[in-house]
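Please keep the sequence and the 3D view at hand while reading.

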Amino acid sequence: MNKNTNKLWLMGLTLLTLLPFYSCNNAEYSSLDNRLFLAETATSSNARKKITIDDQGANVTATVRSSNPAGQDVKVTLVADPAALEAYNKRNSTNFVALPVENFKLDQTEIVIKKGETLAPTVNITLKGLSKEMVETGNQYALALTAKPIDGTDVTVIDGANTIIYQIDQVIVTSVPVLGTDPKTGVYHSASAPLAKDLVLSAWTVEMRVNMSGFQRNNQALFGIWGPDSEIYMRFGDAPTPFNTLQVKFAGSQFDRSIKEFEPNTWYHIAVTYDGSIFTLYINGEEDVNTDKWPGKVTTARDKIYIASSGREWFVNGCMMSEVRLWNISRTKEQIINNQYTINPKTEGLIMYWKMNEGQGHELKNSVSGAPNLIIEPSTPLRWLDNVRSDNKGRINFND
């Protein structure tokens, strides 16, 4: 046997000796590498899906899967998990309330990923529509579902990816007043709320839902508060800017215009925030423009809060409006997106909240306890329009 042959023989012997060791470790690694998760999370540890439901409810699914084919049958239970929802709220600064057990039903809770497969049978979840009482609380409900291996099952989970948060977005159907100049009747209405004392705001948020019949003139003012040395004034159009863009005046200066150009007969959610440093405009929950040019400004609101107040000469178009809110904090983008159509009036920082859903009359109730109502003037006939839906499948036109 020459030297080369001898070397090859020794190498082969070494490999044969080590083979059981490598095989054992590969088997152990494969077992450890197999992880359990919900297919709907796509392995994300912070997954949430918004489910829009109406009075008829909705149906969703959840599917447990493993990262590799199961080496044996894997038994799993799928359960509602309020603790996971609480943890999600803390991570994301949300305020979801756990959906009551009577509002959902799983067609099965114990499922099996069979040996050699990666998917368990799909679990069907039936969601009931929220009751009127639940809707009126303004709470945002959510269902957290977590997949957990049953004791004795040799599998681990991808931490967090075994939980899915289903955000329940109930369709809100409401009535709204026509402010500004009603395109059908030609009658002009504005609204105001008296302030018993000055409001001093070092941080704030103003938000509302708005639908304009047109943008035929500048200075169509949606919202205004003034004090001795400051203001917050939101209006469509200034003399040199397109009349269908939004301008916000603040602290003696302004956003000249929104990037967004608004369309008539279209619902928008508008929010303006100031955190003491950064001044931001959001449209439908998306950031439109911001600036940090005015840090440390304090706004004082005195006398009244004004809505659609620039007068018949300027406010020549109609304005459907709802969900007008004033906060003494700067709301986050996440909070704005999640609460465009309703909110709990006891939410921290909310100081004025007019839902504008009375359906009749000239007084708009403030949902914040002890805060002033809005009075619509003049007391001439005012049109209220119904079937305004949060999914935009209802009324958008002023002339129906």
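At 89% relative accessibility, Ala196 counts as exposed, because exposed means over 50% relative accessible area, buried under 20% and partly exposed in between, with a 1.4 Å probe and protein chains only. The model is predicted, so local features need pLDDT of at least 70 and side-chain atom pairs count only at pLDDT 80 or more, whereas totals for chains, interfaces and linings use all residues. Residues are numbered from 1 along each chain as its sequence is written, and side-chain values use heavy atoms, with hydrogens and water left out.

- Ala196 is found in the loop between strand E14 (188-194) and strand E15 (199-201); helices (H or I, at least four residues) and strands (E, at least two) are DSSP runs, numbered from the N terminus.
- Ala196 and Lys304 are separated by 108 residues in sequence, with their C-alpha atoms 8.7 Å apart in space.

**Cavities**

- Rolling a probe the size of a water molecule over the atoms shows where empty space is left.
- The structure holds two cavities of 30 Å³ or more. On a 1 Å grid over the protein atoms alone, a cavity is a set of points where a 1.4 Å probe fits but cannot get out, a pocket is an open set with protein on both sides within 12 Å along at least five of seven lines, and lining residues have an atom within 4 Å of a point.
- The largest cavity contains about 90 Å³ of space, where a volume is the space filled by probe spheres set on the points, and grid points are joined across faces, edges and corners.
- Residues lining the largest cavity include Leu130, Met134, Val135, Tyr141, Ile168 and Tyr341.
- Helix H3 (132-137) and strand E12 (163-170) each supply at least two residues of that lining, and E12 gives the most, with three residues.
- By class, the lining of the largest cavity divides into seven nonpolar, four polar and one charged residue. Here Ala, Val, Leu, Ile, Met, Phe, Trp, Tyr, Cys and Pro count as nonpolar, Asp, Glu, Lys and Arg as charged, and the others, Gly among them, as polar.
- The second largest cavity contains about 40 Å³ of space, and its lining includes Lys50, Gln140, Gln167, Asp169 and Asn338.
- E12 and helix H4 (333-338) each supply at least two residues of the lining of the second largest cavity, which divides into two nonpolar, six polar and two charged residues.

**The largest pocket**

- The largest pocket has a volume of about 570 Å³.
- Of the 29 residues that line the largest pocket, Val135, Glu136, Ile172, Val173 and Asn357 are the closest to its centre.
- H3, strand E13 (173-181), strand E26 (318-327) and strand E30 (384-389) are the elements that give two or more residues to this lining.
- H3 provides the largest share, four residues, and the lining as a whole divides into 11 nonpolar, 10 polar and eight charged residues.

- Asn338 is found in helix H4 and is buried, with a relative accessible area of 6%.
- Leaving aside neighbours within four places in sequence, Asn338 is in contact (heavy atoms within 4.5 Å) with Arg48, Thr94, Phe96, Gln140 and Gln167.
- Arg331 lies in the loop between E26 and H4.
- Arg331 is buried yet has no salt bridge, and the nearest side chain of opposite charge, Glu207, is 4.6 Å away. A salt bridge is a side-chain nitrogen of Lys or Arg within 4 Å of a carboxyl oxygen of Asp or Glu; Lys and Arg count as positive and Asp and Glu as negative, while His and the chain ends are not counted.

**Backbone features**

- Most residues other than glycine have a negative phi, and most peptide bonds are trans.
- Asn265, which is not a glycine, has a positive phi of about 55 degrees and lies in the loop between strand E20 (253-255) and strand E21 (268-274).
- At 24% relative accessibility, Asn265 counts as partly exposed.
- Met356 also has a positive phi, near 60 degrees, and is found in the loop between strand E27 (350-354) and strand E28 (363-364).
- Met356 counts as buried, at 0% relative accessibility.
- Glu377 and Pro378 are joined by a cis peptide bond, with omega about -5 degrees; Pro378 lies in the loop between strand E29 (374-377) and E30.
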